[in-house]
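Hi everyone, thanks for coming.

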Amino acid sequence: MPRRRLNLAAQRRGQKLASRLKQARHASGRSAEAVARSAGISVETVRSIEKGRTCTPEFFTVAALATELGLSLDELYACVRQPACGDLHAPHDRNAAMPD
């Protein structure tokens, strides 16, 4: 069954997640390969998330990466939920915040 196309808000959340995970990995001084190996996921998955090709990674994948990078899931969620610079004045629609 084909996946539904993500709306713009979901794509932006994926980009924010990718950016935060990549930033944390760089700050740790570890390679994508090292983080993937420690997290028990493929390096292709890490790269796909960091490059924004995977906007909605599975929960346990995000949890494993967060653990390896010393990030809390609360921190990641807060980061993803923050409005981008261009979205500061956008109305907040709680029902539209998360995709189905």
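First, the housekeeping. This is a predicted model, so local features need pLDDT of at least 70 and side-chain atom pairs count only at pLDDT 80 or more, while totals for chains, interfaces and linings use all residues. Residues are numbered from 1 along each chain as its sequence is written, and side-chain values use heavy atoms, with hydrogens and water left out.

Okay, salt bridges. By that I mean a side-chain nitrogen of Lys or Arg within 4 Å of a carboxyl oxygen of Asp or Glu. How many does the structure hold? There are four, and I'll show you some of them.

One of them joins Glu-75 and Arg-20, at 2.8 Å from N to O. This pair links distant parts of the chain: Glu-75 sits in helix H5 (residues 73-81) and Arg-20 in helix H1 (residues 8-28), 55 residues apart. Helices here are DSSP runs of H or I with at least four residues, numbered from the N terminus.

Are these two buried or exposed? For us, buried means under 20% relative accessible area, exposed means over 50%, and partly exposed is in between, with a 1.4 Å probe and protein chains only. Arg-20 counts as buried because its relative accessibility is 18%, whereas Glu-75, at 34%, is partly exposed.

Next, Glu-50 and Arg-25 form a salt bridge, with the closest N and O atoms 2.6 Å apart. Glu-50 is in helix H3 (residues 43-50) and Arg-25 is in helix H1, 25 residues apart. Both Glu-50 and Arg-25 are buried.

Then there's Arg-30 with Glu-68, at 3.3 Å, N to O. Arg-30 lies in the loop between H1 and H2 and Glu-68 in helix H4, so this pair ties together parts 38 residues apart in sequence.

Now the rings. A search of the whole structure finds one aromatic pair. The ring centres of Phe-59 and Phe-60 are 5.1 Å apart and the planes are at 80 degrees, so it's edge-to-face. The cut-offs: centres of Phe, Tyr or Trp rings (for Trp, the six-membered ring) within 6.5 Å, with planes under 30 degrees apart counted as stacked, over 60 as edge-to-face and the rest as tilted. Phe-59 counts as exposed at 51%, and so does Phe-60 at 66%.

Last stop: Glu-33, in helix H2 (residues 32-39). Leaving aside neighbours within four places in sequence, Glu-33 is in contact (heavy atoms within 4.5 Å) with Val-43 and Arg-47.

Technical notes: Helix = DSSP H or I, 4+ residues; strand = E, 2+ residues; numbered from the N terminus.
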